[in-house]
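Let us look at how charged side chains pair up in one protein model.

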Amino acid sequence: MTRKTNQDASLRALSELINTAERSLHHAKNLMSQVLGKKASEEEVHFPEGLHAYKHGKSKVIEGIFNGKDMLGTDKKVYPVPANYASKSKIVEGSKLKATIKADGSFQYKIIDEIDFDMMTGTLIKDGDRFVVITQGGIYQVIPASVTYLQAKIGDRVSIRVPQGIKATYATIDALVPHDVGLVEA
């Protein structure tokens, strides 16, 4: 190997280590906020253009962004997304959602625009009462309903979806990776 090739490989490895450290620090800060009971301030939430809240007949429609567990509405309120819907729909953090609140008080969610995402594999572990997936790219929380739905167990390899271009706290489990596949992380 030439010196230039070694230097390029070292720079790529260093860049990946920095990215991993940044994601891990972001995850640690989010966990700290959750433990202390603090919530992200409204100033931290930046909604893309084109999301609205409006009336549709007797229903109220709120559009917002999925944060990995809930929808943050353009009206600055948090709307709990049913865990079974989030896990079966494989909604990726940062995707745009629409919540229709019907006259009888029931909610109906729909994905408006799914954010671009990357696929990666990792190992499912439990961190206190939370399920997380550890990958070479970082540590991500996952919704317990998706673990139950796939009948995954601690130590299983899973493929996950993580949003492109944002530092995510949550990942979406895409599938359980069979033990005999023999995947090697790149």
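Q: How many salt bridges does the count come to?
A: The model is predicted, so local features need pLDDT of at least 70, side-chain atom pairs count only at pLDDT 80 or more, and totals for chains, interfaces and linings use all residues. Residues are numbered from 1 along each chain as its sequence is written, and side-chain values use heavy atoms, with hydrogens and water left out. A salt bridge is a side-chain nitrogen of Lys or Arg within 4 Å of a carboxyl oxygen of Asp or Glu. By this rule, the count is three.

Q: How many residues apart in sequence are the parts that Lys90 and Asp174 tie together?
A: Their side chains form a salt bridge, N to O 3.6 Å. Lys90 lies in the loop between helix H2 (83-89) and strand E5 (96-101), and Asp174 in strand E11 (residues 172-176). Helices (H or I, at least four residues) and strands (E, at least two) are DSSP runs, numbered from the N terminus. So the pair ties together parts separated in sequence by 84 residues.

Q: Is Arg161 buried or exposed?
A: Buried means under 20% relative accessible area, exposed over 50%, and partly exposed in between (1.4 Å probe, protein chains only). Arg161 has 15% relative accessibility, so Arg161 counts as buried.

Q: Which residues do salt bridges with shared partners join into one network?
A: Glu114 pairs with Arg161, their closest N and O atoms 3.6 Å apart. Asp174 also meets Arg161, at 2.9 Å, N to O. Through shared partners, the network joins Lys90, Glu114, Arg161 and Asp174.
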